[in-house]
Amino acid sequence: MANDFEVVSEDALEFSKRGRKSQVNPALVEAIAKLRKGQALKLSGMKVNLNDPKAKTEKARISATIRQAGKQAGKKVGIRWSSNGIPQVVLA
């Protein structure tokens, strides 16, 4: 049985990035950047079907996208989900 390994310098190590690069819609970032206290941003295009078995996962994915957009806009955001699955963004 042959050994399939080699000892190399630590400087020669190669790494791959973990996860996917975030793809945030620039229009969402801009809308959040313009948001002021007392206003809310209703994101009807990101509606989640709450009867779908994967609704919880979908809500988490969308929430992460919204938080990333807020981060890119330099704003801390809160997410309020309507009873019919529409995320609504407010400044935290």
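**Ground rules.** I am working from a predicted model, where local features need pLDDT of at least 70 and side-chain atom pairs count only at pLDDT 80 or more, while totals for chains, interfaces and linings use all residues. My residue numbers start from 1 along each chain as its sequence is written, and side-chain values use heavy atoms, with hydrogens and water left out.

**Overall layout.** I found 2 helices and 3 strands in the protein, and from the N terminus on they run α-β-α-β-β. These elements are DSSP runs numbered from the N terminus: helices are H or I with at least four residues, strands E with at least two. I noted an accessible surface of about 7,600 Å², 49% of which belongs to carbon and sulfur atoms; the areas come from the Shrake-Rupley method with a 1.4 Å probe, and for residues only the protein chains shown count as cover.

I then turned to contacts, meaning heavy atoms within 4.5 Å. Among those between residues at least 6 apart in sequence, 52% join residues at least 24 apart.

**The sheet.** In what order do the 3 strands lie? I read β1-β3-β2, an open sheet with antiparallel pairing. The edge strands, β1 (40-42) and β2 (77-81), each pair on one side only. Two strands pair if DSSP finds at least two bridges between them. I see 3 bridges joining β1 to β3 (residues 87-91), with Ala40 standing opposite Val90. β2 and β3 pair over 5 bridges, and there Val77 faces Leu91.

**The hairpin.** β2 and β3 form a hairpin with 5 residues between them, and Gly85 in the turn has a positive phi of about 90°. I also checked Ser82, which lies in the loop between β2 and β3. Is Ser82 buried or exposed? Ser82 counts as buried because its relative accessibility is 18%. Its side chain makes a polar contact of 2.4 Å with that of Asn84. For the record, a polar contact is a pair of N or O atoms within 3.5 Å; within protein, one must be able to donate a hydrogen and the other to accept it, and residues adjacent in sequence count only if both atoms are side-chain atoms. Leaving aside neighbours within four places in sequence, Ser82 is in contact with Leu50 and Gln88.

**Helix α2.** This helix (residues 55-73) lies across β2 and β3, at about 150° to β2. Axes are lines fitted to C-alpha atoms, for helices over the stretch in contact, and angles run from 0 to 180 degrees between N-to-C directions. Ser63 lies in α2 and counts as buried because its relative accessibility is 10%. Not counting residues up to four places away, Ser63 touches Ile79 and Trp81.

**The core.** Which members of the largest nonpolar core touch the most others? Of its 17 residues, they are Ile32, Leu41, Ile66 and Val89. Such a core is a set of buried Ala, Val, Leu, Ile, Met, Phe, Trp, Tyr and Cys residues joined through side-chain atoms within 4.5 Å. α1 (26-34), α2, β2 and β3 each supply at least two residues, and α2 gives the most, with 5. Beyond four places in sequence, Val89 touches residues including Leu41, Ile66 and Val77.

Technical notes: Buried < 20%, exposed > 50% of the residue type's maximum accessible area, 1.4 Å probe, protein only.
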